[in-house]
Amino acid sequence: PLRVAAVYQVLQDTDEDQKEWSVGASYDFGMLTLAANYQDAKSLGNVEDNDADIWQVGVIVPVGAAGKVHLGYGEADVDVVDGKAKSYSIAYTHALSKRTTIYTGFNRTDNDNGLDYGVVEAPLGVTGDESDVFAVGVNHKF
């Protein structure tokens, strides 16, 4: 029931290397699964002092024999603009078979002034705004 993951990566550039590490875990209690992740990023976009701390928490709750409700919250604290981006998500997945799942979900990201994070990139020059995304789809594994 326990899952743990860790990642370290370096994106090299002639001026400043972007370095990131992340650790996450989830535990399936049967009636729900709890998940959490923390990421430390240095020199994002290969820009010196453009650092961020990112964390997320979530829960997955089974609904009936084939459905699941997913709830999540996360924050990114960005040093270069001394700002935060907060992200809220809700989704529902329903297994039609072992290989086919349908899903729907909604995500909102609220940005402090100077930030433009979100699932969809903000137009050039637009910061401190909200990003809303609604998704519906089918996932089929071949």
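**Charged residues in a predicted model**

Student: In this predicted model, where does Asp 82 lie?
Tutor: Look between two strands. Strand 5 covers 67-78 and strand 6 covers 83-95. Asp 82 lies in the loop between strand 5 and strand 6.

Student: Is Asp 82 buried or exposed?
Tutor: The relative accessible area of Asp 82 is 72%. Exposed means over 50%. Asp 82 is therefore exposed.

Student: Is Asp 40 buried or exposed?
Tutor: Asp 40 lies in strand 3, residues 33-42. Its relative accessible area is 10%. Buried means under 20%, so Asp 40 is buried.

Student: Which residue forms a salt bridge with Asp 40?
Tutor: Leaving aside neighbours within four places in sequence, Asp 40 contacts Lys 19, Glu 20, Trp 21, Ala 52 and Asp 53. The salt bridge has its closest N and O atoms 3.6 Å apart.

Student: Which residues are linked with Lys 84 in a network of salt bridges?
Tutor: Lys 84 forms a salt bridge with Glu 75, the closest N and O atoms being 3.5 Å apart. Lys 84 also forms one with Asp 77, at 4.0 Å. The residues linked with Lys 84 are Glu 75 and Asp 77.

Student: How many salt bridges does a search of the whole structure find?
Tutor: For the whole structure, the search finds 5.

How values were computed
Residues are numbered from 1 along each chain as its sequence is written. This is a predicted model: local features need pLDDT of at least 70, side-chain atom pairs count only at pLDDT 80 or more; totals for chains, interfaces and linings use all residues. Side-chain values use heavy atoms; hydrogens and water are left out. Helices (H or I, at least four residues) and strands (E, at least two) are DSSP runs, numbered from the N terminus. Buried means under 20% relative accessible area, exposed over 50%, partly exposed in between (1.4 Å probe, protein chains only). Contact means heavy atoms within 4.5 Å. A salt bridge is a side-chain nitrogen of Lys or Arg within 4 Å of a carboxyl oxygen of Asp or Glu.
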